[in-house]
Amino acid sequence: MPPSVARSGVLRYSGYMDIVKAALLALNGLLACWLLLSMRRARQERVRRLAVEPADSDDAGFIDLLNDITATALRAPDLGTLVQNLADRMALLIGADGCYITFWDGERRLTKPMAAYGPLKDSYPKTTLPAGRRTFTQSLVEVGRTIVIPDTAASSYLSKDVASIFPAKSMIGLPMESDGQVFGAIMIGFDAPHEFSQVEIARCERGARHVSFAVAKLRLLEEEKRRSGELAALNRIGLAIGAGLNSDEVIHSIFVQCRQIIDIDIFYLALYDDATKIMSFPVFFDEGALIPVNSVDLGSSRGLASVIIETKRSLFIADTEDQAVMADYPMIVLSDVPPRSFIGVPLLVRDKVIGVLSAQSRRPNAYVQRHVRLLETIAAQSAVALENARLYEEVKRLSTMDALTGIYNFRSLFELGPREFAKARRTGRPLAALFLDVDHFRNFNARFGHAVGNVVLAGVAEAARGKLRDIDFFARYGGEEFVALLPEAGMDDAAAAAERVRAAVEAAAFSSHDGASLSVTVSVGVAILIPDMRDLEDLLDAANAAERKAKDLGRNRVVRADSESMGGR
């Protein structure tokens, strides 16, 4: 083969290989794009489901993730590891594309990038932000609350050149707070335009409280390096109250840990209700024992706690017999022998005082500033733990109660009702069921509107509840239907209770939008537990059948279930 032909063949082969390589590169690029789009669509679908499904459908997974955040915080060996682990987990709360954690240097008014999740994970902590430009963190520090940015490129909360650093098109920013001061920020973003739902915002805020607690604690430990005994005690406090989801358990843990690290003759943890100005004392320790103490109305009685609540600052009195000092402070003595040394610190949640923590000694000059700082640290952790416990208890309550009427919901009926049924079967004691239905309620709604209908439903529930015993279980079955379970009630007693309920509803008066007086009636079916019934549904079916018969007979009446309808399935 002539050399020219050989060279030509090599060139053609080389060109062919170039085309193949280019095609493979293009294919790889398309595949990568497809994978990215698929991942984004999956993430967006998960977010959509979170936004439209009932709030309690994902509560277990959400609470598990919060517990994981707390556990991660407790395991972290240093601040850098902690914030990175938290950034990785915070984005998972709502399936976001990125999360960024920063600290705020208040003295120099600078934002310090600390950690990121997403494309900037490696580079963000090393980023130098443009000098003199507004950062999202700065805005969060100034505003002191959650900020949602639908479009980062058109927001006044951060300058355009700062916004260009982030791939996120939509972001939510959450301040990290400790002792009423914002020391940093958590920013969670989506790379495509995103509308944050109320569920997402609430979850981010709750997660941020966990993160704030964890980060503030470790910052304090690294910055101050207190004595080894105090450090160990603070860690025990974090373990004890950080894991508690019951308010009473959290409060008890706070007392136990404080008593171990501070010399106290008197100690109290008081909870304050700003609406009523009442301060209650779940824990009051004096003379070596926990003692009950009556609540104090700070609206009419001023004391040292009043000063702490009003100023939102700690109060330290080395000697309460120093007249020059005490002339400025009112004092309410709750123990037989007044204290000589006093420390009181506020329990702050988002700059709102929820209570006061106080350590007192009958020795003058028993405390120094180190004790004040220590108690402030405990109070900061305690406030977050108490708020988390309150939120957990509120979520738990909302998952069992009907939001409109304030009585148990359908879910609670079939969680708690079977226990009453099983108890009655096991002990051979009576159990009755009432099935209530508001008469002509569909027509009522059509005529007066659903808003008035909701008012009526709440009023019907209130009227009925008032005629039932404390031991009776009352729930909204659905729509305008209600169920009551009456332990220890036979047919005659249950029918009498049903008649009281019916009469109370009939006598109740409601108002329309134009002030017109309205009223409704209910039909009530009554059934009792008999041996043939296998489960709660059998009992409810019998009561429901009797209620339908009451409807057929003209409504606004009580009908007892007959033996045939109570025969079970």
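## Basis of the description

Because the model is predicted, local features need pLDDT of at least 70 and side-chain atom pairs count only at pLDDT 80 or more, while totals for chains, interfaces and linings use all residues. Residues are numbered from 1 along each chain as its sequence is written, and side-chain values use heavy atoms, with hydrogens and water left out.

## The five-stranded sheet

Strands of a sheet pair through backbone hydrogen bonds, either parallel or antiparallel. Here, an open sheet of 5 strands runs in the order β2-β1-β5-β4-β3 with antiparallel pairing, where two strands pair if DSSP finds at least two bridges between them, and where helices (H or I, at least four residues) and strands (E, at least two) are DSSP runs numbered from the N terminus. At the edges stand β2 (110–117) and β3 (147–149), each of which pairs on one side only. On average, neighbouring strands of this sheet are turned by 20 degrees against each other, direction ignored; axes are lines fitted to C-alpha atoms, for helices over the stretch in contact, and angles run from 0 to 180 degrees between N-to-C directions.

Within the sheet, β4 (residues 170–178) and β5 (residues 181–190) pair in the antiparallel sense over 9 bridges, and Pro 175 stands opposite Ala 185 in β5. Helix α3 (residues 79–90) packs on the sheet, touching β1 (98–105), β2 and β5, and its direction makes about 60 degrees with that of β2; contact means heavy atoms within 4.5 Å.

## Aromatic pairs

A search of the whole structure finds 17 aromatic pairs, in which rings of Phe, Tyr and Trp (its six-membered ring) have centres within 6.5 Å, with planes under 30 degrees apart counted as stacked, over 60 as edge-to-face and the rest as tilted. The rings of Tyr 100 and Tyr 124 have centres 5.3 Å apart and planes at 65 degrees, so this pair is edge-to-face. Since Tyr 100 lies in strand β1 and Tyr 124 in the loop between β2 and α4 (136–143), the pair ties together parts that are 24 residues apart in sequence.

By contrast, the rings of Tyr 268 and Phe 284 have centres 6.0 Å apart and planes at 5 degrees, so this pair is stacked. Tyr 268 is buried at 6% relative accessibility, and Phe 284 is buried with a relative accessible area of 3% (buried means under 20% relative accessible area, exposed over 50%, partly exposed in between, with a 1.4 Å probe and protein chains only).
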